Every structure is written in C-alpha cells, then in structure tokens.
Amino acid sequence: MHRHNRASVVHQLRYALGHPGRVPRHLRRLARDLWLRVGNRDHVAYYRAVMRSDTARSPHAAVGSRSYRRWVALGKMQFDYLVRHGLRPEHRMLEIGCGNLRAGRLFIGYLDPGNYYGVDISPDILIAAQETLVSYDLRDRFPHLLPVRDLRFTALPDQAFDVVHAHSVFSHSPLHVIDECFQNVGRIVRPGGWFDFTFDRTEGREHHVLREDFYYRAETLIDLAAAHGLRAALMDDWERLPHRQSKIRITFPGPETSDAAAAPDREKDHVRLEAGPQEHAGHEAGREVPDPAEGSRI
C-alpha cells in the first residue's frame with residue numbers, strides 16, 4: 001500500500017531531503033524519461049526502451065531486484081503463493097511480463113514439461129531469460145518464451161491456459177494498457193481458470209511517476225474488470241507478505257474452479273525462501289523486505 005502521492009512536488013522535495021544519496025539516480029531517470037519520450041509516443045514502445053536500458057546494466061535490476069538474493073526471494077514469494085492458492089503441475093500457465101524468469105524458473109521446474117509460457121514486451125530481457133534457462137538446467141522442461149508487441153494475445157489460441165500471472169506489470173502500465181489486457185484475457189483462459197496480477201495500490205489520488213510507475217485504487221481496477229464482464233477480488237492475504245504491491249485475482253467460473261483458486265487463503269501466509277533444489281550452490285536465498293524506493297520492473 002502506498003499512502004503518498006509520489007508525483008507531488010511536496011513529496012519529492014521531502015524525499016530528496018530525507019534521502020539525498022538517491023537524488024542523482026532520480027535525476028538520471030528523469031533525463032532518460034525526457035529523452036525516451038521524444039522517440040516513443042506509444043507507452044509500450046516507451047517502456048520497451050526503458051527495459052532495454054535497464055537490462056543493459058543488469059537483468060536482475062531490470063526486473064526490480066538489486067541483488068541475486070532479492071531476485072531469489074521475490075521469485076520464491078510469487079511461486080509459493082500461487083502453489084498455495086491452487087496452482088498444480090498439470091496446469092498450463094501464461095506469465096505476462098516474465099522478465100528473466102525471476103519466478104518463472106520455479107514455475108518451469110514445477111509444471112509439467114511444456115506447460116509454461118512466458119511473454120514479455122522486451123526482447124532484451126527474454127535473451128536474459130534464455131540464460132536463466134541454461135543456468136538452472138531447465139531446457140528439458142520445454143518452456144515457451146515469446147516476445148509480444150502488446151497485451152492483445154493475438155498469437156495465442158482460445159482457452160489455452162488454466163492460470164495467467166502478471167507480477168509488477170500493471171505497476172508500470174497506464175489504464176488503457178490494462179483495459180486492453182482485460183478486454184482480451186478472457187478469450188485465452190479456460191473455464192475454471194484464473195488471472196492473478198499485482199499493482200501499486202493507493203487509497204489517495206491515482207498518479208504516475210515518470211510514466212514508469214503507476215498507482216491505482218483497487219476499486220478502479222476491479223470496476224474496469226467488471227466492465228468487461230470479469231469477476232475480480234482483492235487478495236488480502238498477499239498484503240501480509242513482504243512486498244509493497246497488492247494483488248487482485250480474476251476468476252473464470254467453471255467446473256474446475258477450486259476453493260483455493262476462487263478465494264484467498266485466510267490463514268496467515270508462511271513464505272519459504274530457503275534455497276530449493278534448483279538453486280546454485282554457494283548462493284543463499286533469504287527473506288528480504290523490498291526497498292520501498294525500489295521500483296519493480298516487468
């Protein structure tokens with residue numbers, strides 16, 4: 001939950017005074033934003049250019065993780081949550097904004113071979129995703145990694161997926177991009193399936209910072225989904241985890257809908273962030289609270 005309007009001049013001045021060491025980084029982002037706006041009027045093209053710039057410096061940082069330890073921890077958090085809330089090995093899953101497989105590497109190892117599909121608007125981060133497949137010896141799981149131009153899913157068949165997952169995608173998307181996704185996602189999900197997505201939640205004025213970080217009220221996204229005939233609900237238990245984004249689940253009623261998929265678990269979540277069988281030897285995966293100043297990436 002974000003309680004302040006980060007776009008306001010007052011907030012930015014207070015933040016600068018309280019964190020002077022972060023001012024140069026923000027000024028670099030501001031200069032990049034002004035430069036990229038000139039050649040990229042379309043938001044998806046603009047953010048693709050942002051990802052190209054970020055991935056060139058660090059693929060882990062490009063998806064919002066400033067260290068390998070944090071990359072592992074946040075990926076494990078996403079994976080554990082979905083498994084507790086209905087994901088099964090036989091499900092076919094689509095991950096929107098799969099990045100360099102921060103969570104995708106765990107989904108690939110858990111799902112039956114061939115059942116993971118990852119899409120991203122950034123060809124650069126998908127090259128990094130291929131390197132992750134090699135590093136974690138996941139090539140024989142036959143994952144599918146696809147670059148996309150937008151969120152219309154035109155190359156994907158009808159009712160192809162049981163689960164669609166988008167972590168830290170709508171936190172970087174204006175409302176018309178989210179609307180495009182809602183308009184089209186119902187076509188590719190099977191009856192009984194669901195669509196989980198995170199977003200930066202505010203209870204105040206909705207706003208954005210540098211067209212990279214967008215803040216919405218939960219009601220806005222739930223009502224937008226309803227306008228497309230989609231049933232959406234806030235996943236309250238996700239907010240007890242060490243992550244500042246919120247999560248909404250859209251369910252598609254059908255005979256396969258399970259209790260775990262239809263409603264959040266009201267029991268207190270327990271997140272296991274210890275190294276799994278696919279972790280590199282010598283690396284430690286630990287529970288780490290994300291830096292509030294650190295913006296996530298697609």
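Author: Let's start with threonine 220, which lies in helix α9 (residues 218-227). Keep in mind that this is a predicted model.

Reader: Why is threonine 220 called buried?

Author: Its relative accessibility is 19%, and buried means under 20%, so threonine 220 counts as buried.

Reader: What does threonine 220 touch, leaving out residues up to four places away in sequence?

Author: Threonine 220 touches Leu175 and Glu206.

Reader: And what share of the chain counts as buried?

Author: Of the 298 residues, 53% count as buried. The chain has ten helices and nine strands, and it exposes about 13,600 Å², with carbon and sulfur atoms supplying 53% of that area.

Reader: How do you know that the length of helix α8 agrees with its number of residues?

Author: Helix α8 covers residues 175-188, which is 14 residues. At 1.5 Å a residue, α8 should span 20 Å, and its end C-alpha atoms are 21 Å apart, so the two agree.

Reader: Which residues of α8 are buried?

Author: Val177, Ile178, Cys181, Phe182, Asn184, Val185 and Ile188 are. Here's some background: an α-helix has 3.6 residues a turn, so residues three or four places apart point the same way.

Reader: On to charges. What makes arginine 52 and aspartate 124 a salt bridge?

Author: Their side chains meet at 3.8 Å, N to O, and the cut-off is within 4 Å, so the pair qualifies. This pair links distant parts of the chain: arginine 52 is in helix α3 (residues 43-57), aspartate 124 is in helix α7 (residues 123-135), and they are 72 residues apart.

Reader: Why are arginine 52 and aspartate 124 called partly exposed?

Author: Arginine 52 has a relative accessible area of 43%, and aspartate 124 has 28% relative accessibility.

Reader: What about glutamate 203 and arginine 201: what makes them a salt bridge?

Author: The N to O distance is 4.0 Å, and the rule says within 4 Å, so the pair is counted. Glutamate 203 is called exposed because its relative accessible area is 53%, and exposed means over 50%. Arginine 201 is buried, with 12%. Arg201 and Glu203 also belong to a network of salt bridges with Glu239.

Reader: How many salt bridges does the rule give?

Author: The count comes to ten.

Reader: Now the rings. How many aromatic pairs are there?

Author: The rule gives 13 aromatic pairs. One of them joins tyrosine 81 and tryptophan 238, at 5.1 Å centre to centre with 85° between the planes.

Reader: Why is the pair of tyrosine 81 and tryptophan 238 called edge-to-face?

Author: The angle between the planes is 85°, and over 60 counts as edge-to-face, so the name applies. Tyrosine 81 lies in helix α5 (residues 68-84) and tryptophan 238 in the loop between β8 (231-234) and β9 (246-251), so the pair ties together parts 157 residues apart in sequence. Tyrosine 81 is buried at 0%, and tryptophan 238 is buried at 0% too.

Reader: And what makes the pair of phenylalanine 195 and phenylalanine 197 tilted?

Author: Their planes are 50° apart, with the centres at 5.3 Å. Stacked needs under 30 degrees and edge-to-face over 60, so this pair counts as tilted. Phenylalanine 195 is buried at 0% and phenylalanine 197 at 1%. Ring pairs link both into a cluster with Phe170, Phe182 and Phe199.

Reader: Last one: how do you know that the charged end of lysine 247 sits over the ring of tryptophan 238?

Author: The charged end is 4.4 Å from the ring centre; the rule asks for within 6 Å, and also within 35 degrees of the ring normal. Arginine 105 lies over the face of tyrosine 136, at 4.8 Å from the ring centre.

How values were computed. Residues are numbered from 1 along each chain as its sequence is written. This is a predicted model: local features need pLDDT of at least 70, side-chain atom pairs count only at pLDDT 80 or more; totals for chains, interfaces and linings use all residues. Side-chain values use heavy atoms; hydrogens and water are left out. Helices (H or I, at least four residues) and strands (E, at least two) are DSSP runs, numbered from the N terminus. The expected span of a helix is 1.5 Å times one less than its number of residues. Buried means under 20% relative accessible area, exposed over 50%, partly exposed in between (1.4 Å probe, protein chains only). Accessible areas come from the Shrake-Rupley method with a 1.4 Å probe; for residues, only the protein chains shown count as cover. Rings of Phe, Tyr and Trp (its six-membered ring) pair if their centres lie within 6.5 Å; planes under 30 degrees apart count as stacked, over 60 as edge-to-face and the rest as tilted. Contact means heavy atoms within 4.5 Å.
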